[in-house]
Amino acid sequence: MSLSVALRHRLGDFRLDVAIESNGRLTALFGPSGSGKTSLVNLLGGLLRPDEGRIVADSRVLVDTKAGIFVPKHKRRIGYVFQDARLFPHMTVSQNLLYGRFFAPTTERYGDLDGVVALLGIGHLLDRKPGSLSGGEKQRIAIGRALMASPRLILMDEPLASLDDNRKAEIMPYIERLRDETKIPIVYVSHSLGEVARLATDMVVLDSGKVVVAGQASDVLRRLDLLPADERGEGGVVLDMRVSGRDDAFGMTTLVSSAGEIQVTGLDAEPGTAARVRIRARDVIVAAERPTGLSALNILPGTIASIRTGADPFADVLIDCNGQHIAARITRQSSEALGLRPGLPVFAIIKSVTFDRANTASVAAGHPQPQDKTINEKVE
Amino acid sequence: MQWLLDLTPDEWDAVRLSIKVSAVAMVFSLPPGIIIALLLARGRFWGKSILNGIVHLPLILPPVVTGYLLLITFGRRGPVGAFLDQHFGIVFSFRWTGAALACGIMAFPLMVRAIRLSIEAVDRKLEAAAGTLGANPLWVFGTITLPLILPGIVAGMILAFAKAMGEFGATITFVSNIPGETQTLPSAIYTFTQVPGGNAGALRLTIISIIIAMAALVASEVVARRISRRIEIE
């Protein structure tokens, strides 16, 4: 599945001018509010008609203003999960779920109710009316409803934005399962880098209606300077590592890569399996000498590859640990106090890592447990 | 009690005729009522305020004026009336169908208002959501919009029925006051008040009018409550 978008659209004073190509399983549209994310998905979903441009999904031309093509939304076969679930209040949950199935051509129906219900864990809600559901439940039903229409592409417009943290944690595993267990590509709009870092395989950063950067999520997240100022600490790197040993007495797992060894908790995997860990820039401390007497277990030696400073008080330090890079976000003051400069040997102290269950298919034995909210493991 | 039910054949005719005329007026004005309400609520076209004005005219004009306008357009020699008579054999003047037409037109603005308000209250985002699920505009209307505006439609129908039951001025001007054909309850009451010793009859029909009106209101309450329980607005 490929998505190719080149659009120009005006909404009052706002101008959207974007060109995006993506093959990702979950492409995140990321940017601050007002950057044009929602306009872009509305254009994709057919809720808006662009002034100019082309949208091609899976070699199917949905919009081509030059050729006068505009496929209306009900013929696009694009599932849309709205921020406000938009369940039909006069129907039961199961009627909501089955609504789109009726309109999908029989030969292309793949959404089966039992599968979707199991995937989203909504079996106990089927006879209820939307009015009596919690926000998180509504959003799960909305995802299921979009799936049951057997779409070729799913759009999610900040599906978690109106929920509190507990509800977000409740739903995220379902979105991960959706991404990993179904083959439907997802376009996911968000202004939360935490969500994007956890869910996205690919990423497009938008600002003021323009694409700032696009590419694989792991590459984009490393470019802290391209992320919005208040979200830079959420950026970081992804390391491909391998499980090398387990210590059941302490409940620790050792991961190894060319960068060195780190020890983590809460990772249940056999030695030899691959694991991807995400290390946020704000969770990395830089030391000029190997520290002692520290509770942190994970100290990786390396040399400074680059230091990027801007107008804010922070310095983004990229450390080359034997070929693998670790990004650290420290203050400019510390950077000068330590005399950091490219080429200097330093130690990266990692306070916590996030397992990218997302891309660590081998890590999760069987299905990820949706009730499991611990994804951010402190590994002091 | 026996006194109340001891109606003369003419009085029974008036009761039956009134219910028939009102029901026909209500049913036949429903489809155009929904369409006009949709146009007024959703449409963007030149002359929308003119259409709105025309729909509301019967509400503000003296009923006798509406009746007279009906007489000169739908009468046997009127342009529309003559056409319908020659091509379809439909005659309105001095028939009960004419009474239904007059009642329908007088009740039309009330019906349109009720339906229009409920259409404007529908969250259009739900319709957009149905569209992304594959429903074309007609299906969206049938499966989303229509069920959501059902309470408004029921309210509009009841209002129209009640208005039709009470319609007097336009009806008597257009189709006169012929017992058994065009003499509805209000006309019959009026006739009783015009003859000596008619007080008892007028009172009987008045009480029957009140009972029918109350029954219609209670019925509408019950139906509306049942529907809104089914919809359970979030």
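Domain bounds here come from an automatic or database domain assignment. With that said, chain A has domain 1, residues 3-221, and domain 2, residues 237-362. The C-alpha centres of domain 1 and domain 2 of chain A lie 33 Å apart. One caution before we go on: this is a predicted model.

Strand 1 covers residues 3-11. Which strands does it pair with? Take strand 2 of chain A, residues 14-22. Strand 1 and strand 2 run antiparallel, joined by 9 bridges. One of the partner pairs is A:Arg10 with A:Arg15, the latter in strand 2. The two strands make a hairpin, with 2 residues between them. Look at A:Gly12 in that turn: its phi is positive, about 60 degrees.

Strand 1 of chain A also pairs with strand 4, residues 52-57. Here there are 6 bridges, and again the strands run antiparallel. A:Leu3 stands opposite A:Ala57 of strand 4.

Now helix 1 of chain A, residues 37-45. Is it buried or exposed? Of its 9 residues, 8 are buried, so helix 1 is largely enclosed by the rest of the structure. Among the buried ones are A:Leu40, A:Val41, A:Leu43 and A:Leu44. A:Lys37 and A:Asn42 are on that list too.

Strand 17 spans residues 298-309 and strand 18 spans 314-321. They run antiparallel, with 6 bridges between them. A:Ser306 stands opposite A:Leu318 in strand 18.

On to chain B. How many helices and strands does it have? The count is 11 helices and 0 strands. Read along the sequence, the pattern is α-α-α-α-α-α-α-α-α-α-α. The C-alpha trace of chain B spans about 70 × 45 × 30 Å along its principal axes. Chain B has 234 residues, and 39% of them are buried. Take the contacts in chain B with a separation of 6 or more: residues 24 or more positions apart account for 75% of them.

One residue of chain B to click on: B:Arg16. It lies in helix 2, residues 9-42. Why does B:Arg16 count as exposed? B:Arg16 has 12 C-beta neighbours inside 10 Å, so it counts as exposed. Now find B:Gly180. B:Arg16 and B:Gly180 are 164 residues apart in sequence, yet their C-alpha atoms are 9.3 Å apart in space.

Last stop: where the chains meet. The contact takes 21 residues from chain A and 18 residues from chain B. Which element gives the largest share of the chain A side? That is strand 7 of chain A, residues 78-81, with 3 residues. By type, the chain A side divides into 11 nonpolar, 6 polar and 4 charged residues.

Note on methods:
Residues are numbered from 1 along each chain as its sequence is written. Chains are lettered from A and ligands numbered from 1 in the order in which they are written. This is a predicted model: local features need pLDDT of at least 70, side-chain atom pairs count only at pLDDT 80 or more; totals for chains, interfaces and linings use all residues. Two strands pair if DSSP finds at least two bridges between them. Helices (H or I, at least four residues) and strands (E, at least two) are DSSP runs, numbered from the N terminus. A residue is buried if 20 or more other C-beta atoms lie within 10 Å of its own, exposed if 12 or fewer, and partly exposed in between; C-beta atoms are placed from the backbone. Two residues are in contact if their C-beta atoms, placed from the backbone, lie within 7 Å. Ala, Val, Leu, Ile, Met, Phe, Trp, Tyr, Cys and Pro count as nonpolar, Asp, Glu, Lys and Arg as charged, and the others, Gly among them, as polar.
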